[in-house]
Amino acid sequence: MSYDYDLFVIGAGSGGLAASKRAASYGARVAIAEGDKVGGTCVIRGCVPKKLLVYASKFSQLFTDAAGYGWRAVTPKLDWDRLIRAVDNEVNRLSQLHISYLAKAGVELLPFFARFVDPHTLELVDRDGQVQRRVTAAKILIAVGGEAIKPNLPGIEHSITSREMFLLPKQPKRLAVLGGGYISVEFAGIMRGLGSEVVHFLRGDRPLRGFDQDIQDGVYEGMIRHGIDVRPQCHISSLKLTKKGKIRVCYEQQGQPYEAKVDAVLCAVGRAPNLQGLGLDQAGVHLNINSQGIAAIAVDEAYRTNQDHIFAVGDCTNRVNLTPVAIAEGRAFADTQFGNLPRTLSYDNIPSAVFSQPEAASVGLSEAQAKAKVGAENVLVYRAAFRPMYHSLTGKEAKVVVKLVVEKQTEWVLGAHMVGDNAAEIIQGIAIALKMGATKKDFDATIGIHPSTAEEFVTLR
């Protein structure tokens, strides 16, 4: 049977862009459908604009830190409109850049949403829901990413998600943040640094569940030092809009009812695969549903669904939801299916970072994970916590934590963790060592760069 395309990609985010360009480089006829801006969550409303806001939020601290180094104190003032416009302009520039990359690669960009009609046929739909055309493809890749979810709470419609944080016309003087994951922690730090009062509600004792305990503790303590009003063990019961346009957050803490009045509420309690409107049932594509009731596309190690010619990569599979992982999966898929270079990805020792304030980063196993895997008696932990040299003159209380988790018998480094400035940059390099199977002796034999925070990883005893 003849098809319009050898490969049709649904979604021009990180995974879809990587897969389409790589497949086209092998001579495949490729089209990609995207009803939003090209670039996906990371470029449009995630990693990139968020990191720009992180940079912006740190200047307030630099102004005050400078006084300790002899600079005359100043009173800085943020121009919110200018910041948001600048970030939006950069997002648009990057989106256009990705469009040009697709054109250079020979990938046809179709500015529509796509949904299945049958296993090989898709409808292309515009923003008004009107069908513009139908296309067929020999192979189809689903790379639609994820979307923020909201809990079923009275008044939750008065909250916003991370998507809207980049579009706020006015800076909220007082912001409530719901959730304990990395998105909530990052935005809490951003908005506090930009001058907003921030009240951060946690369901548990600490943010960043799943990270090493020292990272959880270090970030939690650092958030408090940063001036964030962190309220642990809270159960949100409702949000209520007042006559003056404020939002009243009603919650319970230790069995007692309380209220907090704010200008805006960020709901960052989690994300889920963005599968609505795809018509997956028309294609017979199976889903996995986890213990939280979140549905994701079920794939094997080659990213193939239960339909031999339909594949999926990235956050819509709800495995390792990181941009570099989606890119690597997309390229591995294209190499295997169109490049005659079959390969799969290893998901061991994938580094990750939280651009919180203080920053945190990690690679490999946490202390708890290592003990569960090889037994507590077979794990050695090397840890240092200290005031960074930078703050010797600023007078501020700050703490860096560096940590190695080591298997006792082999001395293999199973995990590396850090809380402090430039944690992501440092852990990225250490991830290479872990990927190569470095031992504690290898770390000990490495000469440190002095004076630096990174040298602590090779001087731990």
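Helices (H or I, at least four residues) and strands (E, at least two) are DSSP runs, numbered from the N terminus. The structure is a predicted model, in which local features need pLDDT of at least 70, side-chain atom pairs count only at pLDDT 80 or more, and totals for chains, interfaces and linings use all residues. Residues are numbered from 1 along each chain as its sequence is written, and side-chain values use heavy atoms, with hydrogens and water left out.

Helix α7 comprises 13 residues, 213-225. From its first C-alpha to its last, α7 reaches 18 Å, close to the 18 Å expected at 1.5 Å a residue (the expected span being 1.5 Å times one less than the number of residues). At the N-terminal end, D212 caps α7, with a side-chain oxygen 2.9 Å from the backbone nitrogen of D214. D214 is itself among the buried residues of α7, as are I215 and Y220 (buried means under 20% relative accessible area, exposed over 50%, partly exposed in between, with a 1.4 Å probe and protein chains only). G227, which follows α7, has a positive phi, near 95°.

K440 belongs to helix α12, residues 440-444, and is buried, with a relative accessible area of 2%. Its side chain reaches the backbone oxygen of L460 at 2.7 Å. Leaving aside neighbours within four places in sequence, K440 is in contact (heavy atoms within 4.5 Å) with residues including Y382, E411 and L460.

The count of disulfides (pairs of cysteine sulfur atoms within 2.5 Å) comes to 0. The sulfur of C250 lies 12 Å from the closest cysteine sulfur, in C234, and is therefore too far for a bond.

Definitions and conventions: A polar contact is a pair of N or O atoms within 3.5 Å; within protein, one must be able to donate a hydrogen and the other to accept it, and residues adjacent in sequence count only if both atoms are side-chain atoms.
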